[in-house]
Amino acid sequence: MSDIELTADDRQELLTLLCSLIQHPSENPPGNENAVALFIASILRSEGIETEIEEVAPGRPNVIAHLKGIQPGKRLILNGHTDVVPCGDGWSVDPFAAVIDGDCVIGRGAADMKSGVAAMIYAAILIKRRQYAFKGEITLLFNVDEERINLGMEHFVAQGVEADFAIIGEPTSLEICVAHKGVSRTRLTTHGTAGHAAKTRNPDSAIDKMALLLPKLLEECLRVKQKYHPLLGNASMLVTTINGGSAPNIVPQSCSIEIDRRVLPGELRNEINSSLQDALMVDGLSMEQDYSLDNYLFIPASSIEESHPLTETACRVVNAITGNAKKTIFDATCEAPFFSVGCQIPTIILGPGDLSQAHVKDEFVRIEELHQAAKIYISLALNLLK
């Protein structure tokens, strides 16, 4: 399993590919993935790899590529997202310059997750160039909008997806992540009637209504913490933002809060929403008239059996290449449930870069991890598609 090697030229080509990906800015918001998607498609097509571009929203295309084996067989999906979070301030270098500093590449998306995308692209390129034999099909999916509301993945799976394995190249420090919590995000808005603060005798204040609902919501947060999963630990629910009112002398017409709920395997969207609605029942307040709930995002939790052939094969491959295979959990949320839950495709998360580098200034990835990731993806594909 360790006979996949990269030459010095291969290593330089892969490093250059990552730098080029970083140098194509794709911040989301606003969601300008078009340039990097077209660049990826041009690279794959130049290698003779069948590649499609599917526009999800104006100027926001998914890239889908296919490598066919020598005969029919199983199907493997290699997946990464092309968008990155906004840079923010405080960088010591230009975030889109792809600065090489010793054994690292610094830039927005270096870890999350253009290094994973680069390694997957290069794995496909070497499989094609070296004419490695395999059965079945390898599909590369590089989707838009992972950092916001998953328009790209929703578009892809809505067309119907069948596969035997999926690998998400999010930054895991090359550890094999077998589970992660899902996320449910809800906006609670209270409704009042605007009026002059000095003239209104019986103010219909949206902030007053939110003050009545908050204690009930915090009680529900405590109840949610009692839910437990042996791998992922406790569920959670937290109020993360609050906004209300428009001016110091106007009765507040609106007040809103954001609720972040971390979801365990088996928890369902309708059950979570029903529990929240029940918790917010307060005498004197009615749903819709006094307040409304908008559950605008739900991504279920993802998990795979540690004894599944995909997990075990990944452990053998990673151990052969790095000497240190480790099964663990993924602390963030990613695209895995679209495959594992929505399409019933066994899925792991495995990629270069440390998750602690995601969304921070001076984000970096270690170059050796980039090279090891490409070897892992090649070896995994060849072993899963024997």
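Biologist: In E2, which residue is the bridge partner of Ala57?

Modeller: This is a predicted model. Strand E1 covers residues 50-57 and strand E2 covers residues 60-68. The two run antiparallel and are joined by 7 bridges. In E2, the bridge partner of Ala57 is Arg60.

Biologist: Which residue in the turn between E1 and E2 has a positive phi?

Modeller: E1 and E2 form a hairpin, with 2 residues between the strands. In that turn, a positive phi of about 75 degrees belongs to Gly59.

Biologist: In E18, which residue is the bridge partner of Val105?

Modeller: Strand E5 holds residues 104-106 and pairs with E18 in the antiparallel sense over 3 bridges. In E18, the partner of Val105 is Val365.

Biologist: How far apart do the C-alpha centres of domain 1 and domain 2 lie?

Modeller: The domain assignment gives domain 1 as 8-180 + 301-385, and domain 2 as 182-299. Their C-alpha centres lie apart by 36 Å.

Biologist: What area do domain 1 and domain 2 bury between them?

Modeller: The size of an interface is often given as the accessible area lost when the parts come together. Here 11 residues of domain 1 are in contact with 10 residues of domain 2. Carbon and sulfur atoms account for 71% of the buried area, which is about 910 Å².

Biologist: Which three residues supply 48% of the area that domain 1 buries against domain 2?

Modeller: No other three residues of domain 1 supply more of that area. They are Ala301, Ile329 and Thr333.

Biologist: How many residue pairs are in polar contact across the interface of domain 1 and domain 2?

Modeller: For salt bridges across this interface, the rule finds 0. For polar contact, with both residues at pLDDT 80 or more, the number of residue pairs is 1.

Conventions: Residues are numbered from 1 along each chain as its sequence is written. This is a predicted model: local features need pLDDT of at least 70, side-chain atom pairs count only at pLDDT 80 or more; totals for chains, interfaces and linings use all residues. Side-chain values use heavy atoms; hydrogens and water are left out. Two strands pair if DSSP finds at least two bridges between them. Helices (H or I, at least four residues) and strands (E, at least two) are DSSP runs, numbered from the N terminus. Domain bounds come from an automatic or database domain assignment. Contact means heavy atoms within 4.5 Å. Buried area is the accessible area (1.4 Å probe) that two parts lose on being put together, summed over both. A salt bridge is a side-chain nitrogen of Lys or Arg within 4 Å of a carboxyl oxygen of Asp or Glu. A polar contact is a pair of N or O atoms within 3.5 Å; within protein, one must be able to donate a hydrogen and the other to accept it, and residues adjacent in sequence count only if both atoms are side-chain atoms.
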